[in-house]
Each structure stands twice: as C-alpha cells, then as structure tokens.
Amino acid sequence: MDVFHWDGVTIELISDPSYIDPSEYPTAGYLRIERIASTRPGRGHASAALREICDLADTHGISLDLFVAPEDPRIDPERLASWLARYGFASTGQATGQGWRMMRNSHRSTSSICSPASHFAISANTRAMRS
C-alpha cells in the first residue's frame with residue numbers, strides 16, 4: 001500500500017491484482033483508492049489531492065476504483081458519490097459489504113501509454129513530498 005499526504009489529506013492506494021478482473025480496465029493498469037481522509041474537511045484539500053491523483057493516473061494510463069463507504073457517519077454516501085463523479089468516477093452497480101463500487105478509467109488513450117502502475121506510485125510519491 002502506498003500512502004500519500006497533501007495538506008492534511010491522506011490517500012491510500014493499493015495495486016493488488018487479486019481483486020480485479022483485468023478485462024474491466026482498458027488501460028495500462030489500475031489502482032484501488034482504499035481510503036481518502038482529510039483533517040480539515042470542507043476546505044478543498046481533498047479535492048486538490050484527488051485531482052492530483054486523477055491527473056497522475058491519466059498521465060500514466062492508470063484506471064482507478066474505490067468503494068463508497070464513509071468511515072464518518074456524518075458523511076452522506078450519496079453526496080460522496082456525487083463528489084467522486086465530478087472527477088470521472090462512475091458507479092459500476094456493484095454493491096458489497098464494503099459499499100458500492102465506483103471506477104474511473106484513464107482519460108488517456110491506450111495507444112499512448114508506456115508507464116506501468118508501479119511508475120505511477122513513484123511519481124505520486126514524488127509529487128506528494130514536494131507539496
């Protein structure tokens with residue numbers, strides 16, 4: 001698991017292929033966002049961090065997925081899903097005990113992809129340390 005920090009926001013990413021059907025991802029790779037947490041919600045920091053992750057994913061041709069399952073009971077899952085949709089995540093219609101699944105395919109064509117998922121983590125970590 002890779003953990004990235006941006007201005008009070010923590011994002012945990014994992015790239016375990018055992019839980020994914022690769023045919024779902026038409027891109028070079030995929031990562032699961034395991035957790036997004038902010039120490040100062042409502043100030044746009046999580047939005048900036050997620051935008052950075054999505055930009056890096058697009059640069060490297062990486063698809064992202066996650067389960068909408070807020071740890072904080074004050075967070076409305078529907079509102080969280082709407083927030084994620086602004087960054088290109090779409091519901092898969094799959095619901096489990098973990099919540100419902102959303103995916104975001106890379107917005108980069110597969111013909112121009114040359115970087116595997118492991119390079120994405122290195123790039124994201126480098127950017128996180130700079131901010």
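Trainee: Which residues lie nearest the centre of the largest pocket?

Mentor: Ile 36, Ala 37, Ile 75, Leu 80 and Trp 83 lie nearest its centre. They belong to a lining of 30 residues. Keep in mind that this is a predicted model.

Trainee: What makes a residue part of that lining?

Mentor: A lining residue has an atom within 4 Å of a pocket point. In the largest pocket, 30 residues line the space, which comes to about 1100 Å³.

Trainee: Which elements supply at least two residues of the lining?

Mentor: Strand E3 (29-38), helix H1 (45-60), strand E4 (62-68) and helix H2 (77-85) each do. E3 gives the most, with seven residues.

Trainee: How do the lining residues divide into nonpolar, polar and charged?

Mentor: There are 13 nonpolar, six polar and 11 charged residues. Asp, Glu, Lys and Arg count as charged.

Trainee: How many helices and strands does the chain have?

Mentor: Three helices and six strands. From the N terminus the order is β-β-β-α-β-α-β-β-α.

Trainee: Why is strand E2 called largely enclosed?

Mentor: Buried means under 20% relative accessible area. Six of the six residues of E2, residues 9-14, are buried, so the strand is largely enclosed by the rest of the structure.

Trainee: How do you know that both faces of E2 are covered?

Mentor: In a regular strand the side chains alternate between the two faces of the sheet. On one side of E2 sit Val 9, Ile 11 and Leu 13. On the other sit Thr 10, Glu 12 and Ile 14. All of these are buried.

Trainee: What makes E1 and E2 a pair?

Mentor: Two strands pair if there are at least two bridges between them. Strand E1 (residues 2-6) and E2 have five, in the antiparallel sense. Trp 6 stands opposite Val 9 in E2. The two strands form a hairpin with two residues between them. Asp 7 in the turn has a positive phi of about 40°.

Trainee: How many bridges join E2 to E3?

Mentor: Six, and the strands run antiparallel. Thr 10 stands opposite Ala 37 in E3. Ala 37 is also one of the residues nearest the pocket centre.

Trainee: Why is Arg 32 called buried?

Mentor: The cut-off for buried is under 20% relative accessible area. Arg 32 has 8%, so it is buried. Arg 32 is found in strand E3. Its C-alpha atom is separated by 8.5 Å from that of Ser 63, 31 residues apart along the chain.

Trainee: What makes strand E6 mostly covered?

Mentor: Five of its six residues, in the run 99-104, are buried.

Trainee: Which strands pair with E6 in the antiparallel sense?

Mentor: E4 pairs with E6 over five bridges. Leu 64 stands opposite Arg 104 in E6. Strand E5 (residues 90-96) pairs with E6 over four bridges. Here Ala 90 stands opposite Met 103 in E6.

Trainee: What do the totals for the chain come to, starting with buried residues?

Mentor: Buried residues make up 41% of the 131 residues. The accessible surface comes to about 7200 Å², of which 50% belongs to carbon and sulfur atoms. Among contacts with a separation of 6 or more, 67% are between residues 24 or more positions apart.

How values were computed: Residues numbered from 1 in each chain as written. Predicted model: local features only at pLDDT ≥ 70, side-chain atom pairs only at ≥ 80, totals over all residues. Heavy atoms only, no water. 1 Å grid on protein atoms, 1.4 Å probe; cavity = no way out; pocket = protein on both sides within 12 Å on 5 of 7 lines; lining within 4 Å. Points joined across faces, edges and corners; volume = space filled by probe spheres on them. Buried < 20%, exposed > 50% of the residue type's maximum accessible area, 1.4 Å probe, protein only. Contact = heavy atoms within 4.5 Å. Areas by Shrake-Rupley, 256 points an atom, 1.4 Å probe, with all protein chains shown as cover.
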